[in-house]
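Subject: The structure for you to look at

Dear colleague,

Here is the structure that I promised to pass on to you, with my notes below it. Please keep it open while you read, so that you can find each place as it comes up.

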Amino acid sequence: MEQDTTRDTPRYPGAETVEDFARNVAAVRARMAAAAERGGRDAADVRLLPVSKTVPEERLRLAVRAGCDVLGENKVQEAKRKAENLADLDVSWSVIGHLQTNKARFVAAFASEFQALDSLRVAEALDRRLQAEGRGLDVFVQVNTSAEDSKYGLPPEEVPGFLAELPRYGALRVRGLMTLALLTGDTDRVRECFVTLRTIRDRARQDAPDGIGLDELSMGMSGDYEIAIEEGATVVRVGQAIFGARATTDQRYWPG
């Protein structure tokens, strides 16, 4: 899920043309590179995932022309509709929001990535559908690093046991962990969430089963992706900084 810690401020430039999208993406990538340098990292090791929730399909076509060939969506049905209507484009879809088991069939049919796995029931439902489709799916395990009841994700202490169960689901390719930071302007508290996820990952690596990949950390969004990169993010989920400020507030889409 793409979350903005700045609560819909007007600082995100709009994008209505291919040139606008190219400008916004270039600006984000420049900030990503600077954050990577501050963290002593190679910017090439950090993937930008544009998050297109609420963005109309006609504008997505412009974004794709500007180079956005992978798009992230929170709501499964919105993602499914867009994937069907934009099937003529060379676009891959990442579902990054909470998933109910009865919608697993949709994700199994069109998504290339699912970043919010936090239930064995969902893992089983996805695996069953994927096996029927004859395909695999990259997945990230979502962790609740802020200890907020309003957020989805596993409590940190449950991550090792959860990972130990995942090899039974052969169609799921576990790539790493995902989290959402606190929705606050307190950068120290935001940073703490990212440090927590990195620490959980580093500890889990010691006992992770064979075939469970923990190289990836998906963390950071429009309001905090630079902090996330400084703390080890390999994927940042950026929406408003690319597509412009949304008319709807984050609270309507977060946590779901």
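Against which elements do the buried residues of α5 pack? Before the answer, please bear in mind that this is a predicted model. The buried residues of α5 pack against α4 (104-110), β4 (113-117), β5 (137-142) and β6 (172-178), and the residues concerned are Val122, Ala123, Ala125, Leu126, Asp127 and Leu130.

At the start of α5, a side-chain oxygen of Ser119 comes to within 3.1 Å of the backbone nitrogen of Arg121, while after the helix comes Gly134, which has a positive phi near 70 degrees.

Helix α1 can be read in a similar way. With 21 residues, α1 reaches 30 Å from its first C-alpha to its last, close to the 30 Å expected at 1.5 Å a residue. The buried residues of α1 are Val18, Asp20, Phe21, Asn24, Val25, Val28, Met32, Ala35 and Ala36. They cover an arc of only 160 degrees around the axis, so they lie on the same side of α1, whereas Glu19 and Glu37 are exposed on the other side of this helix. As for what the buried side meets, the buried residues of α1 pack against β1 (47-50), α2, α8 (225-230), β8 (235-238) and α9 (240-243). Just after α1, Gly40 takes a positive phi of about 70 degrees.

Asn24, which has its place in helix α1, is buried, with a relative accessible area of 2%. A polar atom of the Asn24 side chain lies 2.9 Å from the backbone oxygen of Ile242, and, if its neighbours within four places in sequence are left aside, Asn24 is in contact with Pro13, Gly14, Ala15, Ala241 and Ile242.

Ala63 is buried, with a relative accessible area of 0%, and, not counting residues up to four places away in sequence, Ala63 touches Phe21, Cys68 and Phe243. By contrast, the C-alpha atoms of Ala63 and Asn102, which are 39 residues apart along the chain, are separated by 31 Å.

Next come the charged side chains. How many salt bridges does the structure hold? The structure holds 21 salt bridges, and one of them joins the side chains of Arg59 and Glu16, with an N to O distance of 3.7 Å. Arg59 lies in helix α2 (residues 57-65) and Glu16 in the segment before α1 (18-38), so this pair ties together parts that are 43 residues apart in sequence. The two partners can also be compared by their accessibility, for Arg59 is buried, with a relative accessible area of 15%, while Glu16 counts as exposed at 52%.

Another salt bridge is formed by Lys151 and Glu148, whose closest N and O atoms are 2.1 Å apart. Here Lys151 counts as buried because its relative accessibility of 7% is under 20%, and Glu148, at 21% relative accessibility, counts as partly exposed.

A further pair is Asp215 and Arg205, with 3.1 Å between the closest N and O atoms. Both residues are in the loop between α7 (187-204) and β7 (216-218), 10 residues apart. Asp215 is exposed, with a relative accessible area of 55%, and Arg205 is partly exposed, with a relative accessible area of 42%.

Some salt bridges join into a network, which links Arg31, Arg38, Arg191, Arg198, Glu226, Glu230 and Glu231.

Finally, a word on the cysteines. A disulfide is a covalent bond between the sulfur atoms of two cysteines. The structure holds 0 disulfides. Cys68 is buried, with a relative accessible area of 4%, and Cys193 also counts as buried, at 3% relative accessibility.

Definitions and conventions: Residues are numbered from 1 along each chain as its sequence is written. This is a predicted model: local features need pLDDT of at least 70, side-chain atom pairs count only at pLDDT 80 or more; totals for chains, interfaces and linings use all residues. Side-chain values use heavy atoms; hydrogens and water are left out. Buried means under 20% relative accessible area, exposed over 50%, partly exposed in between (1.4 Å probe, protein chains only). Helices (H or I, at least four residues) and strands (E, at least two) are DSSP runs, numbered from the N terminus. Contact means heavy atoms within 4.5 Å. A polar contact is a pair of N or O atoms within 3.5 Å; within protein, one must be able to donate a hydrogen and the other to accept it, and residues adjacent in sequence count only if both atoms are side-chain atoms. A salt bridge is a side-chain nitrogen of Lys or Arg within 4 Å of a carboxyl oxygen of Asp or Glu. The expected span of a helix is 1.5 Å times one less than its number of residues. The arc is that of the directions from the helix axis to the C-beta atoms. A disulfide is a pair of cysteine sulfur atoms within 2.5 Å.
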